[in-house]
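Welcome! Here is a friendly walk through the helices of this structure and a few of the residues around them.

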Amino acid sequence: MKTKGNAAKIGPWTDTENAILAHKYLVILDYEKSKKHVNKAQHRREGIAAMAGARDDKRERSHGSWEMKMCNASAVMAAAGLPFIQGYKPLGHGQARDLARALAVAMLAHGFNDDEIVRMEALTK
């Protein structure tokens, strides 16, 4: 089921939604680092669909909500002194601890080194 308007109608982002976004964030970052073309819109559509599928009510986050959360992820990456996706300008830290936790877990699967993961985990405290 699709929704219109802001994400406040759905409520705070869940750990599962943050994990899905974190994985997609790092996939896009991997593409950028390797100078490969990346279709951010396709990743957004896939991420939103995956999050809706994981929700009991099957409601989708808006595209704007996804974009804003990706900018929040850039802010968390920048705060940890790590590279962030160009085009997702770092914004305020909405649910920063939860997002940092999800990014730290996803970073394990994306080949980040221990120092980088420790810096991200420091933001979860």
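Are H3 and H4 roughly parallel or roughly perpendicular to each other? H3 and H4 are roughly perpendicular to each other, because angles of 65 to 115 degrees count as roughly perpendicular, those under 35 as roughly parallel, those over 145 as roughly antiparallel and the rest as oblique.

Before going on, a word on the background. This is a predicted model, in which local features need pLDDT of at least 70 and side-chain atom pairs count only at pLDDT 80 or more, while totals for chains, interfaces and linings use all residues. Residues are numbered from 1 along each chain as its sequence is written, and side-chain values use heavy atoms, with hydrogens and water left out.

**How the helices pack**

Two packed helices are described by the angle between their axes and the distance between the axes. Axes are lines fitted to C-alpha atoms, for helices over the stretch in contact, and angles run from 0 to 180 degrees between N-to-C directions. The helices themselves are DSSP runs (H or I, at least four residues), numbered from the N terminus.

| Helix pair | Angle | Axis distance |
|---|---|---|
| H2 and H3 | about 105° | 10 Å |
| H3 and H4 | about 75° | 10 Å |
| H4 and H5 | roughly 165° | within 8 Å |

Start with H3 (residues 63–79) and H4 (residues 96–109). In H3, Lys69, Asn72, Ala73, Val76 and Met77 meet Ala96, Leu99, Ala100 and Leu103 of H4, where meeting means a contact, with heavy atoms within 4.5 Å. By class, this contact of H3 with H4 has seven nonpolar, one polar and one charged residues. Here Ala, Val, Leu, Ile, Met, Phe, Trp, Tyr, Cys and Pro count as nonpolar, Asp, Glu, Lys and Arg as charged, and the others, Gly among them, as polar.

H2 and H3 are also roughly perpendicular to each other. From H2, His43, Arg44, Arg45, Gly47, Ile48 and Met51 meet His63, Trp66 and Glu67 of H3. The residues of this contact divide into three nonpolar, three polar and three charged.

H4 and H5, in turn, are roughly antiparallel to each other. On the H4 side, the contact is made by Ala100, Leu103, Ala104, Met107 and Leu108, and on the H5 side by Glu116, Ile117, Met120 and Glu121. By class, the contact of H4 with H5 has seven nonpolar, no polar and two charged residues.

**Residues worth a visit**

Arginine 55 sits in the loop between H2 (40–54) and H3. Is arginine 55 buried or exposed? With a relative accessible area of 11%, arginine 55 is buried (buried means under 20%, exposed over 50% and partly exposed in between, with a 1.4 Å probe and protein chains only). Leaving aside residues up to four places away in sequence, arginine 55 touches Ile10, Thr14, Glu17 and Arg61. Its side chain makes a polar contact with the side chain of glutamate 17 at 3.3 Å. A polar contact is a pair of N or O atoms within 3.5 Å; within protein, one must be able to donate a hydrogen and the other to accept it, and residues adjacent in sequence count only if both atoms are side-chain atoms.

Aspartate 30 belongs to H1 (residues 15–33) and is partly exposed at 29% relative accessibility. The side chain of aspartate 30 makes a polar contact with the side chain of histidine 110 (2.9 Å).

Lysine 35 lies in the loop between H1 and H2 and has a positive phi of about 65°, although it is not a glycine. Lysine 35 is exposed, at 76% relative accessibility.

Notes. Helices (H or I, at least four residues) and strands (E, at least two) are DSSP runs, numbered from the N terminus.
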